[in-house]
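Trainee: Could you show me how to read pockets and helix packing in a protein model? I would like to go step by step.

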Amino acid sequence: MLTNPHSKTSATLTPGARLRKALDDNPILPIVGTINAYSAILAQRAGHQAIYIAGGGLATHSYGLPDLALTTMTEVLVDVRRITDACDLPLMVDVDTGFGAMFNIARLVKGLIKDGAAALHIEDQVTMKRCGHRPNKGLVSTQEMLDRIKSCVDARNDPSFFIVARTDALATEGLQASIDRACAYAEAGADMIFAEACTELAQYQAFAKALNRPHSLLANVTEFSLTPSFSQDELVQAGVSAALYPLSAARAMAHAATSVYEAILRDKSQKNVLDIMQTRVELYEALNYDAYEARYDKLFAGQSAAGQQ
């Protein structure tokens, strides 16, 4: 079987263990969004150590839907398998609110582990959730979110699988209530807290101080949002362990695609936008195309030689 020639991870470590090692090896770990298998390959070629599939990204790019919990567990697992089949970087998966109650969440966790994911993050919004940077979010009680986390922990048949608990409480309940929730979530077994829609570095500092343990905090540095584009150096100083860039590449891809579609109509040619395209050579290099083709050539050469005997 042909494999990605740019893979450097150890086959002896589980995906969750690889994520934990990457966190140990970096003062702050950038985790980049990959909307499909090919973008995961590109992230790995660029040198990243961890990747992510966003619920909003999956809804938009796989199904043409808004980020309003309109996709299903099955649809998420399909995209997870596509990515983990093509790329062995540890993959964190956005599972929204868990696609149901305790038994659904247990099925989800087991499915993610079986399909090669390294981590999930599950949030404390109501089932009819919204994007984390939109108004009018509704939250479940702390106890209901603790039940979600405990369902994840109990279903985890690989102890290295990484569980991240996201809280959206800052926008609706304020900083202290959000911190209280975060500490309760960590106590229930969450490995890391995802503090959504922070607007100031001081807020991250308050979360980190309250949690007071290694690798405790993730920042979502998503563009055009309530959270400024803090640098990784700033986030490290604030006590953040992982910086999530969920849709940075996807936004760039969509913008470039729109430019190409418009240019073809406007210019009656694509020649004026060739500079924003990946070349054929770059595509073949990313996919290890020559190695696949060499296998074809070897097979056909063998068949030809046999036919001449």
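This is a predicted model: local features need pLDDT of at least 70, side-chain atom pairs count only at pLDDT 80 or more; totals for chains, interfaces and linings use all residues.

Trainee: Which elements give two or more residues to the lining of the largest pocket?

Mentor: Those are α3 (55-63) and α11 (248-267). The largest share comes from α3, with 5 residues.

Trainee: And how many nonpolar, polar and charged residues does the lining have?

Mentor: Sorted by class, the lining of the largest pocket has 9 nonpolar, 10 polar and 7 charged residues.

Trainee: Now for helices. At what angle do α3 and helix α4 pack?

Mentor: The angle between α3 and α4 (residues 73-86) is about 85°, and their axes are 11 Å apart. Angles of 65 to 115 degrees count as roughly perpendicular, so α3 is roughly perpendicular to α4. On the α3 side, Leu58, Ser62 and Tyr63 make the contact, and on the α4 side Glu75, Val76 and Asp79 do. By class, this contact of α3 with α4 has 3 nonpolar, 1 polar and 2 charged residues.

Trainee: What is the angle between α4 and helix α5?

Mentor: α4 packs against α5 (residues 102-114) at about 10°, with the axes 11 Å apart. Since angles under 35 degrees count as roughly parallel, α4 is roughly parallel to α5. From α4, Met73, Leu77 and Val80 meet Asn104, Arg107, Leu108, Gly111 and Leu112 of α5. The classes in the contact of α4 with α5 are 5 nonpolar, 2 polar and 1 charged.

Trainee: Let me try another pair. Where do I start with helix α6 and helix α8?

Mentor: Start with the axes: those of α6 (residues 142-155) and α8 (residues 175-187) come within 9 Å and cross at roughly 30°. That makes α6 roughly parallel to α8.

Trainee: Is the crossing of α6 and α8 left-handed or right-handed, and which residues make the contact?

Mentor: The crossing of α6 and α8 is right-handed. Thr142, Met145, Leu146 and Ile149 of α6 make the contact with Arg181, Ala184 and Tyr185 of α8. By class, the contact of α6 with α8 has 5 nonpolar, 1 polar and 1 charged residues.

Definitions and conventions:
Residues are numbered from 1 along each chain as its sequence is written. Side-chain values use heavy atoms; hydrogens and water are left out. Axes are lines fitted to C-alpha atoms, for helices over the stretch in contact, and angles run from 0 to 180 degrees between N-to-C directions. Helices (H or I, at least four residues) and strands (E, at least two) are DSSP runs, numbered from the N terminus. Angles under 35 degrees count as roughly parallel, over 145 as roughly antiparallel, 65 to 115 as roughly perpendicular and the rest as oblique. A crossing is left-handed if the near helix is turned anticlockwise from the far one by less than a right angle, and right-handed if clockwise. Contact means heavy atoms within 4.5 Å. Ala, Val, Leu, Ile, Met, Phe, Trp, Tyr, Cys and Pro count as nonpolar, Asp, Glu, Lys and Arg as charged, and the others, Gly among them, as polar.
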